[in-house]
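Please read the points in order, with the structure in view.

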Amino acid sequence: RQADGRKVLRSSIREFLCSEAMFHLGIPTTRAGTCVTSDSKVVRDIFYDGNPKSERCTVVLRIASTFLRFGSFEIFKPTDEYTGRKGPSVNRNDIRIQMLDYVISTFYPEIQEAYSDNSIQRNAAFFKEITKRTARLVAEWQCVGFCHGVLNTDNMSIVGLTIDYGPFGFMDRYDPEHICNGSDNTGRYAYNKQPEICKWNLGKLAEALVPELPLEISELILEEEYDAEFEKHYLQKMRKKLGLIQLELEEDSKLVSELLETMHLTGGDFTNIFYLLSSFSVDTDPSKLEDFLEELTSQCASVEELKVAFKPQMDPRQLSMMLMLAQSNPQLFALIGTKANINKELERIEQFSKLQQLTAADLLSRNKRHWKEWLEKYRVRLQKEIENLSDADAWNTDRVKVMNSNNPKYILRNYIAQNAIEAAENGDFSEVRNVLKLLENPFQEAEGFREVKEDAEEEGATATAAACAQETRSRLPYCSKPPLWASELCVT
C-alpha cells in the first residue's frame, strides 16, 4: 500500500454517492460534503494482480458527529500472546476513562444524566444502547441488500452509523452468501454473515472497555439484547416492505424466509422484486396473476446470467489435487484450503453442469411455478389483513403507500457507479451529478427526471468525448437489473 495516505477518484466517487444514497434511504450514515479532485496521480494495483495504473488523487469530505469507532478503544489492548503486538496506549486506563466520559457525555447525554453517580451502570447503559443501535443498523442493511465489505472493529461507529465505504455493494441477484469484496477470499463479510460479524465486533468492544465495564456485565447485555433487537427490527421492516400493516403474526417470519428462498431459487433481483410486490393484487383473477408473474419473472436471472454466476472458479487440476490432498493429508489440507470452499466449488460445478441442459423456456416455467406457490401464501396473508376491515380499498391505498416508502426503486448498483466513474475519469462529472440527484429520491418514479446539465463550459469538450465512450453502457434505465457485463465488475 506504500502508506501514501491518498484516496483516488474512483473510490471517492463511490463513497460520496453511497453515503448520500444511504442517508436518503433513511439509514444512519456519515454524509458526503464535497468531492475535490486534482491532477496529481498515484499508482494503484486495483485488483492486486500485478497490473498497477495511475489514478487521480481526490479528497472526499466526510461529515459525522464523530469518527470514533469500536477500534478507537482497542489502543489499550495488552500484548497478544500469538503475535506479540500490543496497543499503543496499553495500561493507560486514564485515557480510556477520558474517552468513555467524552463519548457518553457528548453523544449519549441522557445516559450520562441518568447514571451520573454510578460509572459502571452508566457504562453498561451506554453499551446496551450501542448494541441496540448496531443491531438496528445491520437490520436496515439486510433489508435493502447492502453489503459493507470490510466490517472490522475500525469500521464500526461508536454512535451506530454506517462508516467507511470501501468495497461495498448493493446486492442485485439475491444470494445470501453474496460477497461484495473481491479480496474477501473466505467470505468473512458475506451478506448473510453481517449480523454475526457485527455482534462479534461488539464483543471486541466489550473486551476493550474492561475494567471500566466488567466483561460479565457486557457479555450478558450482548447476549440478551443484540439478537432480539436485530430480529425485532428486521421483521418490523420486512412487514412494511410486504405491506403487512394491520396485523403482526408469528407466521410472518416464515413468509419472509420463504420469499427469500424463492428469490434465491429463481435468481430474483432483490430490489426490483420487492418494489414490484406493491402492485400485486389480492384479486384472484387468473389473467391478472399471469400478467404479474410475467413481470416478476422478468426480474429473475436468465440462463446466461446463471452460467456466469455458477461458472467454476478453480482450475480442474487444482481442484483434483485439493481433493486428493484432503484424503491423503488432512493436516496439510487444513493449512492451505478450507473444506467449505471446496464444497462450494463442487456445488458450483454441479449447478453449472445442470445449466448446460437448461433451456430458457424450462427456466421460465420453473420460475413461474416457484413464484406462484409463494404468491398464493402471500395472498392468503394479505386477506387476513382485511378480514375485519370495512374499507378494503383504503387499506390497499395505505398498503401501497407504506410499501413504496420502504422499497426503493433506485439504489447505487455497481454498474451505475461504474458508468459514473468512467465518465468522471474522462473529465465528465455530469453522470455523477445525475446519479446523485436520482439517489436523493430513491423511492420515487423518475418521471420528469432530467439529466443535470453542466454549467461549467470547460467540461463541455471532455463531456462529449466521454459521452461517446459511455453511450453503449448508459442506455439502460437506472432501475434495471444489471446488464451481463456488470457481473464482471470487481471491487476490492
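**Notes on a sheet and a helix**

1. This model is predicted. It contains an open sheet of three strands, in the order 1-3-2, with antiparallel pairing. Strand 1 (7-8) and strand 2 (31-44) stand at the edges. Each has a single partner strand, so one side of each is left without a neighbour in the sheet.

2. Strand 1 and strand 3 (residues 53-63) run antiparallel and are joined by two bridges. Valine 8 has cysteine 57, in strand 3, as its bridge partner.

3. Helix 1 (residues 9-24) packs on this sheet, where it touches strand 1, strand 2 and strand 3. The direction of helix 1 makes about 165° with that of strand 2.

4. Helix 11 (residues 316-328) may be checked for its length. Its 13 residues should span 18 Å at 1.5 Å a residue, and the end C-alpha atoms are 18 Å apart, which agrees.

5. Which residues of helix 11 are buried? They include Leu319, Met322 and Leu325. Seen down the axis of helix 11, the buried residues fall within an arc of 125°, so they line one face of the helix. An α-helix has 3.6 residues a turn, so residues three or four places apart point the same way.

6. The buried residues of helix 11 pack against helix 12 (330-336) and helix 13 (339-357). On the face turned away from the buried side, helix 11 carries the exposed residues Pro316, Arg317, Met321, Met324, Gln327 and Ser328.

Conventions
Residues are numbered from 1 along each chain as its sequence is written. This is a predicted model: local features need pLDDT of at least 70, side-chain atom pairs count only at pLDDT 80 or more; totals for chains, interfaces and linings use all residues. Side-chain values use heavy atoms; hydrogens and water are left out. Helices (H or I, at least four residues) and strands (E, at least two) are DSSP runs, numbered from the N terminus. The expected span of a helix is 1.5 Å times one less than its number of residues. Buried means under 20% relative accessible area, exposed over 50%, partly exposed in between (1.4 Å probe, protein chains only). The arc is that of the directions from the helix axis to the C-beta atoms. Contact means heavy atoms within 4.5 Å. Two strands pair if DSSP finds at least two bridges between them. Axes are lines fitted to C-alpha atoms, for helices over the stretch in contact, and angles run from 0 to 180 degrees between N-to-C directions.
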